[in-house]
Every structure is written in C-alpha cells, then in structure tokens.
Amino acid sequence: MKIQYKNFLLVLIVLILASVSFTQDMPPTLVVTAPVQKIKFNDQITLVGRTEALYDSRISSKVSGQVASIIALEGNKIPKDGPLILIDSSRMALTLAAKRAQAQQANAQAKLAVGIRKKAEDLWEQKLISEIRIDSARALTAVAEERYHELLAEQQRLELDLADCTIRAPFSGYTGKKLVSVGEWVAVGDPVYEMTNLTKIKVNVDLPERYFGQLAVGTEVTVLSSTDEEKPLQGTVTGFAPIATQETHTFPVIVTVDNSEGRLGSGMLVRAVLSLKASFSGLAVSKDAIVRQGNQTMVYTITDGKAAPIPVTTSSTQGDLVAITGPGLTEGMPVVVRGNERIFPGAPVMTTDAAAPNGAAKQ
C-alpha cells in the first residue's frame, strides 16, 4: 500500500507540474459535489460462480407415433405453446372419428332408454306394470347412460392425443439439441427436444467454510459478468445447503438473477458479490465519485478552487454508495460526483452542491 501510494504521488506531481502553465488561462470547469458520508456496511466477499438456466428441460412426447416433421430449428427462440415437432396423426384421426360415431350412437340409445323409463314410470304410478318391469327400465337406462359417458371420455382422450401429436413448447425459451429425426418412431415419454429458459438464471457458488453462518437466504447479491462489468445484475440468495462438499469443504449457495434482458447465458463464469451478516461503519461516497485511471483508484475533492485527487481503496457497497478508505478523507468532505471525467489534478473548478436548490454554483 505504501509503495502504491508513493507511485501515486510521483504520478500526481508530474501531472501537476505539467499542467501548471496549461491551467493558468483555463476557465473553471463546472462540477457537482456531494459530501463524504459515514454509514454502516456489511462485510462482502466476491466468489466465482457458474450460471445455469432456471428451466432446462428435455421435452418428451405424450403420444406414440412416427415423426412426420421437425417444425422448430435448433437454437431458435420459441414462444410458449409454439410447435416443435409433428407426430403422424392420420391413424389417430380415423380412430377418433370412429369413436365419435360410437359415442353419438350411445347417446341416441341413452336418450331412447330415458324415454322408455319415463313411460314405464307413468305406468307404474297407474299400477299398470309390475315392479320388476320398472326396475328393468331403470337399469337399462343407467347402463345406456354409463356406456355413453364411457365412450365420450374415450373420445375426449383421443382428442387430447390428436392435439398432442403436435409437440409444443411448455414454456418460452430457446431450443437446444434436436433428439429425433423425421421417420423415427417415438413412444410415450421419449425425449424429442432440449429447451432452456433464460429469463431467470441460477448462479451456483461455493461458500468457504470460514463464512458458514454469515449468509442468509434473501440476501441481495451483485453479479458481475466479464462481458459487461460496468452494468452489474442484481440477484438474491434463494438457497443454501448446510452440508459441505467433501472435495472442497465449501457450502453450495444458489443465487437467482433476473435475466429478462438476456445478458447472461447458461454455463458462464461470473463473479458474485455477497453481503455477510458481519458489519462495520465506514466512509462512503457515491459510485459516481470513483475515478479509475490505469491501476489507480481515486476521488476528487476541491482545495482552493482546484481539483485535488485522493487515492482510495474501495470495499463494500450499499446501493449506490461505496465504502472507501484513503489518506486525509473525512466525513463531510466534498467530493466530485459529476464532471470528474473532465478534470485533472490542479484543474480550476466551479462547484455545485448536489443537494443545493436549483444547482446554485459557487467557487
């Protein structure tokens, strides 16, 4: 840390000397400042994790038959209920037509039996037929109605089977590997396509043994991807296994991340910043105050109307605030939160307090 700070001072001195003549006639740059705060932070650790789709399925056939056509291509986005594969349904359609005819015939017989029963009941009330005949009429009606309902249920099952000859996506997502080809015979339960849904992503991380008991389900997590580290994703700890793995003696943690923008894929390596139960009080500034130049991290304060950089070390975060430490930092010290990309050490500045009404400027 001492060596790094000395290097920073050398670079700073060179920049100041080089900019003295340049800044003499330079008009002041308007910047916005905010005071350094002192707040409570949670200790944080950064762990490497691997992403996994929350829904990753092998879509299976609900019917037996020959594959007639492949509708969806591999690696395509498919909406929910979008068609994937078509099973030959010609024989099933004929079977359904025959079953409908049987059901219609049974319905007619049931209606006839009901009419006969009603007439028999009228005769029974007039004491014109025996008890055996009315019981027989009622039994025949019950048998006819049960037969109709049985055939109707079989018809409805065949209608479902006919609809299931078009295998559809059970959720919106991306098709993976196609597992069958045209002409193949599939049985009930045979997998035909792989599908994945990436709107929500699981990040699997391993918590070191020394942090056991310091992480709670529901804790917010910041997830950083190597593809876009400037735009972190927010997640939540949704699972924690209290049994350590024998190989690494770490505890599996599941973080669920909203990936509706599709910024993460399955199988990626990411960094997860987890907040622990342990806490500390420290100085904090807005993330916008942090300036990174090469290996140096700094914030700008204002001294005698000029920009003065302070080297800092960052640690935990809380919302838009970052915990920092650095030489000379004090609570209430103004630091530049807007306009710091346009200034340099020793540059003349005109400041506006971020909390000041109507952005009143001051020198």
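## A strand and its neighbours

In the model, which is predicted, valine 291 has methionine 298 of strand β15 as its bridge partner. (Strands are DSSP runs of E with at least two residues, numbered from the N terminus.) Strand β14 (residues 291–293) runs antiparallel to β15, and 3 bridges join them; two strands pair if DSSP finds at least two bridges between them. This hairpin has 2 residues between its strands, and glycine 294 takes a positive phi near 65°.

Now look at strand β16 (residues 306–311), which is antiparallel to β15 and joined to it by 6 bridges. Here valine 299 has isoleucine 310 as its bridge partner. These strands also form a hairpin with 2 residues between them, where aspartate 304 in the turn has a positive phi of about 55°.

Buried means under 20% relative accessible area, exposed over 50%, and partly exposed in between (1.4 Å probe, protein chains only). In β15 (residues 296–303), 6 of the 8 residues are buried, so the strand is largely enclosed by the rest of the structure.

## Rings that meet

The whole structure holds 5 aromatic pairs. Rings of Phe, Tyr and Trp (its six-membered ring) pair if their centres lie within 6.5 Å; planes under 30 degrees apart count as stacked, over 60 as edge-to-face and the rest as tilted. Phenylalanine 41 and phenylalanine 280 are stacked, 5.7 Å centre to centre with 20° between the planes. Phenylalanine 41 is buried at 0%, while phenylalanine 280 is partly exposed at 27%.

## How to read the numbers

Residues are numbered from 1 along each chain as its sequence is written, and side-chain values use heavy atoms, leaving out hydrogens and water. Local features need pLDDT of at least 70, side-chain atom pairs count only at pLDDT 80 or more, and totals for chains, interfaces and linings use all residues.

Conventions. Helices (H or I, at least four residues) and strands (E, at least two) are DSSP runs, numbered from the N terminus.
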